[in-house]
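Subject: Structure handover

Hello,

Here is the structure I promised to pass on. Please open it, then read the notes below alongside it.

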Amino acid sequence: MTFKVTFSGLRERLQTLDRLEREQLPFAAALALTRTAQEVQKGVRDEMETVFDRPTRATLNSLFIQPATKDKMEARVWIKDGRSTNGAGNLVGQEGQWGQGRAASTWLTPQIYGGGRGDKGFEKMLRRRGVLGSGQYVVPGDKLDLDQYGNVGKGRLTKMLSGAQLFTQEGYNANATDSRRSMRKGNRRYFMIRKGSRPIGIAERLGYGRGSRNNIRLVLAFVRRPSYSKRLDFFGVAERIAEDQLPIQFELAMARALGTRRR
């Protein structure tokens with residue numbers, strides 16, 4: 001999702017400028033748009049810290065800016081979608097909990113629009129294995145201790161999947177160190193639990209020996225697609241900040257441009 005900062009009413013403003021101001025207008029306008037986009041970025045980040053519980057660094061750093069130029073009077077603020085920009089603001093190629101490499105838009109889109117989320121990387125793997133059924137997703141078990149951000153850490157997730165022998169060959173190779181160590185130790189701490197013949201999640205053994213059969217807990221549950229309500233008013237916050245800041249940033253940019261020209 002992208003928010004664009006553009007000018008409206010520029011023609012009317014142009015009529016009030018003298019010759020020197022008109023000459024400096026392209027520079028001032030591009031600078032004002034870019035500075036406004038920066039204010040939007042800060043404002044949306046502040047909103048994330050307010051509406052989310054312990055947002056991760058990946059979430060807070062998920063906003064990109066494409067600055068305006070004299071040739072393109074438009075600045076953009078968007079959430080990482082698998083692309084990034086170089087220093088000139090041109091798009092080039094790109095994170096997330098439960099599998100690094102996911103674009104931030106995949107987990108933030110449901111928070112902005114509401115509704116269900118997309119697949120995480122390991123969920124796709126489990127679907128290919130036939131473990132996760134159509135319309136099923138993975139969530140932490142109710143009694144599972146989570147990290148400081150309220151998530152399951154990547155290393156811990158790797159151990160769970162490895163112990164339950166749920167890596168594909170591709171996934172096993174990608175996590176070879178943890179998987180080999182787990183297998184050498186005969187890791188049976190984690191295992192897939194079923195209801196009848198249907199997998200319902202991954203469980204953890206909390207004890208061994210006599211009387212320990214039921215001493216387990218569900219660490220990952222296979223559930224219907226989670227649905228989220230709208231929490232981040234990305235466009236509303238961006239619109240309010242842009243409307244407030246653009247006139248201010250334009251006057252500041254014009255004053256800077258004229259001050260530089262008159263020296």
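First, a term: contact means heavy atoms within 4.5 Å. This is a predicted model, so local features need pLDDT of at least 70 and side-chain atom pairs count only at pLDDT 80 or more, while totals for chains, interfaces and linings use all residues. Residues are numbered from 1 along each chain as its sequence is written, and side-chain values use heavy atoms, with hydrogens and water left out.

Start with Glu39. It lies in helix α2, residues 19-51. Helices (H or I, at least four residues) and strands (E, at least two) are DSSP runs, numbered from the N terminus. Glu39 has contacts with Ile241, Gln245 and Gln249, leaving aside its neighbours within four places in sequence. Is Glu39 buried, partly exposed or exposed? Its relative accessibility is 26%, so it counts as partly exposed. The cut-offs are these: buried is under 20% relative accessible area, exposed is over 50%, and partly exposed is in between (1.4 Å probe, protein chains only).

Next, strand β3, residues 75-79. Here 5 of the 5 residues are buried, so the strand is largely enclosed by the rest of the structure. In a regular strand the side chains alternate between the two faces of the sheet. Both faces of β3 are covered. Ala75, Val77 and Ile79 are buried on one side, and Arg76 and Trp78 are buried on the other.

Which strands pair with β3? Strand β1 (residues 2-5) does, in the antiparallel sense, over 4 bridges. Strand β2 (residues 63-66) also pairs with β3 in the antiparallel sense, over 4 bridges. Two strands pair if DSSP finds at least two bridges between them. You can find the partners by residue. Thr2 stands opposite Trp78 in β3. Leu63 has Ile79 in β3 as its bridge partner.

Now look at another sheet. It is open, has 4 strands in the order β7-β10-β9-β8, and its pairing is antiparallel. The edge strands are β7 (136-140) and β8 (190-195), and each pairs on one side only. Neighbouring strands of this sheet are turned by 35° against each other on average, direction ignored. For such angles, axes are lines fitted to C-alpha atoms, for helices over the stretch in contact, and angles run from 0 to 180 degrees between N-to-C directions.

Within that sheet, β9 (residues 198-205) and β10 (residues 216-224) pair in the antiparallel sense over 5 bridges. Ile202 has Leu220 in β10 as its bridge partner. Helix α6 (residues 154-163) lies across β8, β9 and β10. It runs at about 90° to β10.

Helix α4 (residues 104-113) comes next. The buried residues are Ala104, Ser105, Trp107, Leu108, Pro110, Gln111 and Ile112. Gly114 follows α4, and its phi is positive, near 85°.

Last, some backbone angles. Most residues other than glycine have a negative phi, and most peptide bonds are trans. Arg54 has a positive phi, near 50°. It lies in the loop between α2 and α3 (57-60). Its relative accessible area is 41%, so Arg54 is partly exposed. Gln165 also has a positive phi, near 55°. This residue is in the loop between α6 and α7 (169-174). With a relative accessible area of 43%, Gln165 is partly exposed.

Best wishes
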